[in-house]
Every structure is written in C-alpha cells, then in structure tokens.
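Subject: Structure handover and notes

Dear colleague,

Please read them alongside the coordinates.

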Amino acid sequence: PSWELHYFCKNFALSPKVLMDSEDHHPSVGSDGIPSVKEICVVGLGWRRQRPYLLTLIDDDFFIYSAFPFNTHGKESLKMRFAKIQHEVLIKKKKVPTATLR
C-alpha cells in the first residue's frame, strides 16, 4: 500500500461524535493538553464482515466508531464518515484524584 494521506480528521484525539474528512490535509504538530492516540484499528464486523468499524484507544479511553456512507459532491475524498458508538467497555480504571487535607 502507498502511504499517501487519504482521510484526515482534525481533532481526532478529542473524540468527536462524528469523524469527517477535513479539507485541510496538513496535520499539525502536537499541542499541549490534547490527549495522545495510542492505537487505531479498522475491522469489518457483521455478516461477511461488511460493516467497517474503527476502534481507537486515546489515552486510557476506548472508542468505537461505525462507518456510514456520506457523499460530498464535488470533493475528492473518501465518501464516508464515522459515528461514535456508545458502549460500556472499560479498559483501565481511571485514577480519581484525591484531595489532601492539611
């Protein structure tokens, strides 16, 4: 496969409800305060594995996105978007900051 950029989502690490292809295909250098993307996996699920899902681990949070067709007329981009799926999967128990008494 070629390593050309075909789909770019701004603010992917902030886990928006819908992932969409951005017109500006120039990734920015890391910023302070933005979570780090640890893993991304695209899999086919369902009958004959025809339903594409994007699984991602951002910091200690696990997100699932389902692909759906979306036609952007006149634009040269992939004709799809990804919608976030609600789930109850826990990867790691989050540390809750405790207040110290003085």
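How many helices and how many strands does the chain have? The chain has 0 helices and 5 strands, where helices (H or I, at least four residues) and strands (E, at least two) are DSSP runs numbered from the N terminus, and the order along the sequence is β-β-β-β-β.

Please bear in mind that this is a predicted model, in which local features need pLDDT of at least 70 and side-chain atom pairs count only at pLDDT 80 or more, while totals for chains, interfaces and linings use all residues. Residues are numbered from 1 along each chain as its sequence is written, and side-chain values use heavy atoms, with hydrogens and water left out.

For the chain as a whole, the accessible surface (Shrake-Rupley method, 1.4 Å probe) is about 8700 Å², and 57% of it belongs to carbon and sulfur atoms. Buried residues, meaning those under 20% relative accessible area, as against exposed at over 50% and partly exposed in between (1.4 Å probe, protein chains only), make up 22% of the 102 residues. Of the contacts (heavy atoms within 4.5 Å) with a separation of 6 or more, 31% are between residues 24 or more positions apart.

The aromatic count comes to 1 pair, on the rule that ring centres of Phe, Tyr and Trp (its six-membered ring) lie within 6.5 Å, with planes under 30 degrees apart called stacked, over 60 edge-to-face and the rest tilted. The pair is Tyr7 with Phe82, and it is edge-to-face because the ring centres are 5.9 Å apart and the planes stand at 90°. It links distant parts of the chain, since Tyr7 lies in the segment before strand 1 and Phe82 in strand 5 (residues 80-85), 75 residues apart; both Tyr7 and Phe82 are buried.

Met20, in the loop between strand 1 (18-19) and strand 2 (37-45), touches Tyr7, Phe8, Cys9 and Arg81, leaving aside residues up to four places away in sequence. Met20 is partly exposed, at a relative accessible area of 36%, and its C-alpha atom is 9.1 Å from that of Ala83, 63 residues apart along the chain. The charged end of Arg81, in turn, sits over the ring of Phe70, 3.7 Å from its centre, the criterion being NZ of Lys or CZ of Arg within 6 Å of the ring centre and within 35 degrees of the ring normal.

Finally, two backbone details: Asn11, in the segment before strand 1, has a positive phi of about 60° although it is not a glycine, and Asp59, in the loop between strand 3 (51-58) and strand 4 (61-69), has a positive phi of about 55°.
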